[in-house]
Amino acid sequence: MRRPTFVYVMRGLASGLFKIGHSWNPRARLRSVATTIEPVELVAAFPGGRAVELAMHRRFAEHLAPDRALEWFRPEGVAAWAGALPPEYRASGVYEVRRIKPHFMPEQAEAKRAARGAEMD
């Protein structure tokens, strides 16, 4: 059985650039970026894999940051799109080298939806 994967959007706190990627463990990926590139903030995380990630890369291709790897984008367009996401996909939490804060993950939203559905039955 395959592990579920998630598409994440993070914002670099130093550069203001957005990184769009996918991972089966977004928390570990965010910590990795925070310790190797710059402190980052998780903007969004939602179910999806490589195909969704690539579709987002195409959507924001005109905003690609020229001095970074292919997954980093200038804020124009990406910030407005991320702000329009449903609340359960938006996240907050800053990942720094020395301090990791808890944050929202898609499985938490799924559990909340299931609990709400059970209450309505």
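The text below starts with the overall arrangement and ends with the side-chain pairs.

**Overall arrangement**

The model is predicted. The protein chain has four helices and five strands. Read from the N terminus, these elements follow the order β-β-α-β-α-β-α-β-α. The chain holds 121 residues, and 39% of them are buried. Of the contacts between residues at least 6 apart in sequence, 62% join residues at least 24 apart.

**Helix α1 and V33**

Helix α1 covers residues 26-36, and its buried residues are P26, L30, V33 and A34. These residues span an arc of only 100 degrees around the axis, so they sit on the same side of α1. The other side of α1 has T35 and T36, which are exposed.

V33 belongs to helix α1 and counts as buried because its relative accessibility is 0%. Which residues does V33 contact, leaving aside neighbours within four places in sequence? The contacts are M10, K19, E38, V40 and W72. For one of these, K19, the C-alpha atom is 9.7 Å from that of V33, and the two residues are 14 apart along the chain.

**Helix α3 and W81**

In helix α3, residues 75-83, the buried residues are V78, W81 and A82. Viewed down the axis of α3, they fall within an arc of 95 degrees, so they line one face of the helix. A80 and G83 are exposed and lie on the face turned away from that buried side. The buried residues of α3 pack against β1 (6-12), β2, β3 (40-47), α2 and β4.

W81 touches V9, F46, M56, R59 and F60 when residues up to four places away in sequence are not counted.

In soluble globular proteins, nonpolar side chains tend to be buried together. The largest nonpolar core here has 14 residues, and those touching the most other members are V9, I20, M56, F60, V78 and W81. At least two residues of this core come from each of β1, β2, β3 and α3. Another core, of 11 residues, lies apart from it and includes M10, V33, L42 and A45.

**Salt bridges**

Side chains of opposite charge can pair when their charged atoms come close. A search of the whole structure finds four salt bridges.

| Pair | Closest N and O atoms |
|---|---|
| R50 and E53 | 3.0 Å |
| E76 and R74 | 3.2 Å |

E71 is partly exposed, at 23% relative accessibility, whereas K19 is buried at 2%.

What separates R50 and E53 along helix α2? They are three residues apart in that helix, which means a separation of about one helical turn. The relative accessible area of R50 is 45%, so R50 is partly exposed. E53 has a relative accessible area of 0% and is buried.

In the pair of E76 and R74, the closest N and O atoms are 3.2 Å apart. E76 is partly exposed at 41% relative accessibility, and R74 is partly exposed with a relative accessible area of 30%.

**Aromatic rings**

How many aromatic pairs does a search of the whole structure find? The number is zero. A charged residue does lie over a ring: R3 is over the face of W24, at 3.5 Å from the ring centre.

Technical notes: Residues numbered from 1 in each chain as written. Predicted model: local features only at pLDDT ≥ 70, side-chain atom pairs only at ≥ 80, totals over all residues. Heavy atoms only, no water. Salt bridge = Lys/Arg side-chain N within 4 Å of Asp/Glu carboxyl O. Buried < 20%, exposed > 50% of the residue type's maximum accessible area, 1.4 Å probe, protein only. Phe/Tyr/Trp six-rings, centres within 6.5 Å; stacked < 30°, edge-to-face > 60°. Lys NZ or Arg CZ within 6 Å of the ring centre and 35° of its normal. Arc of directions from axis to C-beta. Contact = heavy atoms within 4.5 Å. Core = buried A, V, L, I, M, F, W, Y, C linked by side-chain atoms within 4.5 Å.
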